[in-house]
Every structure is written in structure tokens, then in C-alpha cells.
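Colleague: I would like to learn how to read the strands, salt bridges and surface of a model. Please take one case and go through it with me.

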Amino acid sequence: MAMMEIWTYREQSWATTDLTGFEVEAVDGGIGKIDEATSEVGASYLVVDTGPWIFGKKVLLPAGVIDRIDVDERKIYVQRTKDEIKNAPEFDEERFRDDPQYREEFSGYYTALGTGRAEQC
């Protein structure tokens, strides 16, 4: 998956749907609920509140990891495991918005997972 694609919704309609409050399902179970979802062209992402799963930590998921969305059930399914999400770079909202290098850390991490090279990061 190219760097730009990792930050882009697969389906354009997903970018226009209010995803706030939707539950997030990893391939091996639930991870939390969406606190924030952006729809910036080439820079879309979700901020997920993991609740008690990893002690209330918030994690960032690029829009490109979404596999499908069930609007009726208010669930988003992502192509990552719980451990892959848990082991992602720590999300710092201020730094993420202001530091392009920090965003590249997330791009590299999630892109490597998609190609099976996460262990090399």
C-alpha cells in the first residue's frame, strides 16, 4: 500500500459518513470506539479510544486500514490485529498535526504491516 493510500478511504462514501462513536473491530476482536474521524484528502484517519483494553490509550488508524463499514451496526472493521494496533507508535495529537516526520512514522509502521514487514520497522 502506497504512503498516500494509507491515508485515503477505500470507498469515497466513508469519508462523508460521521463515524464518531462507531465501534472498531480488529481481525481478532473489538478495540474501542471512534473519538474522531477526519476526511481530509490524502490525510484521513481515525482516533480510537481503546477504553480499558489498553488502559484508555488513544490510537491512530489511517483510513486506508479500514476493510469495511457496517453503518447499520455502527461498526468499522480494520485489517489489523489488536497487537498490531497496540504496538503502533504512540499517538500524540498535537505532534501528529504539526510534525510531518511524526506522521511518516505512522505511514511507515502501517504500510510495513500491510506488506508483512512490520518486524523490520
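The dialogue below goes through the elements, the strand pairing, the salt bridges and the surface.

Colleague: What should I know about the model before reading it?

Modeller: This is a predicted model, in which local features need pLDDT of at least 70 and side-chain atom pairs count only at pLDDT 80 or more, while totals for chains, interfaces and linings use all residues. Residues are numbered from 1 along each chain as its sequence is written, and side-chain values use heavy atoms, with hydrogens and water left out.

Colleague: How many helices and strands are there in the protein?

Modeller: Helices (H or I, at least four residues) and strands (E, at least two) are DSSP runs, numbered from the N terminus. Here the protein has 5 helices and 6 strands. Their order from the N terminus is α-α-β-β-β-β-β-β-α-α-α.

Colleague: In which sense do S1 and S2 pair?

Modeller: Two strands pair if DSSP finds at least two bridges between them. Strand S1 (residues 23–26) and strand S2 are antiparallel, with 4 bridges.

Colleague: How many bridges do S2 and S3 pair over?

Modeller: S2 (residues 29–37) pairs with S3 over 4 bridges, again in the antiparallel sense. Two positions can be picked out on screen: Ile-34 is opposite Val-48 of S3, and Glu-36 has Val-47 of S3 as its bridge partner.

Colleague: How many bridges join S3 to S4?

Modeller: There are 5 bridges between S3 and strand S4 (residues 58–62), and the two run antiparallel.

Colleague: Is S3 mostly covered or open?

Modeller: The general idea first: in a regular strand the side chains alternate between the two faces of the sheet. For cover, buried means under 20% relative accessible area, exposed over 50%, and partly exposed in between (1.4 Å probe, protein chains only). In S3 (residues 45–49), 4 of the 5 residues are buried, so the strand is mostly covered. For the protein as a whole, 43% of its 121 residues count as buried.

Colleague: How many salt bridges does a search of the whole structure find?

Modeller: Side chains of opposite charge can pair when their charged atoms come close. The criterion for a salt bridge is a side-chain nitrogen of Lys or Arg within 4 Å of a carboxyl oxygen of Asp or Glu. The search finds 7 of them. One of these joins Lys-75 and Glu-25, at 3.9 Å from N to O. This pair links distant parts of the chain, with Lys-75 in strand S6 (residues 75–78) and Glu-25 in strand S1, 50 residues apart. Both Lys-75 and Glu-25 are buried.

Colleague: Which side chain does Arg-97 meet in a salt bridge?

Modeller: Arg-97 meets Glu-36, at 3.0 Å from N to O. Arg-97 is in helix H4 and Glu-36 in strand S2, so the pair ties together parts 61 residues apart in sequence. Arg-97 counts as partly exposed because its relative accessibility is 41%; Glu-36, at 23%, also counts as partly exposed. A network of salt bridges links Glu-36, Glu-93 and Arg-97.

Colleague: With which residue does Arg-95 form a salt bridge?

Modeller: Arg-95 forms one with Glu-105, with the closest N and O atoms 3.4 Å apart. Arg-95 belongs to helix H4 and Glu-105 to helix H5 (residues 100–114), 10 residues apart. Arg-95 has a relative accessibility of 35%, so it counts as partly exposed. Glu-105 is partly exposed too, at 35%.

Colleague: Which residues form the negative surface patch?

Modeller: Patches are made of residues with over 30% relative accessible area and no salt bridge; like charges are joined within 9 Å, and nonpolar side chains (Val, Leu, Ile, Met, Phe, Trp, Tyr) within 5 Å. Accessible areas come from the Shrake-Rupley method with a 1.4 Å probe, and for residues only the protein chains shown count as cover. Lys and Arg count as positive and Asp and Glu as negative, while His and the chain ends are not counted. A charge is placed at NZ of Lys, CZ of Arg, CG of Asp or CD of Glu. In this model Glu-90, Asp-92, Glu-94 and Asp-98 form the negative patch. Asp-98 is part of helix H4 (residues 93–98), and counts as exposed because its relative accessibility is 59%.
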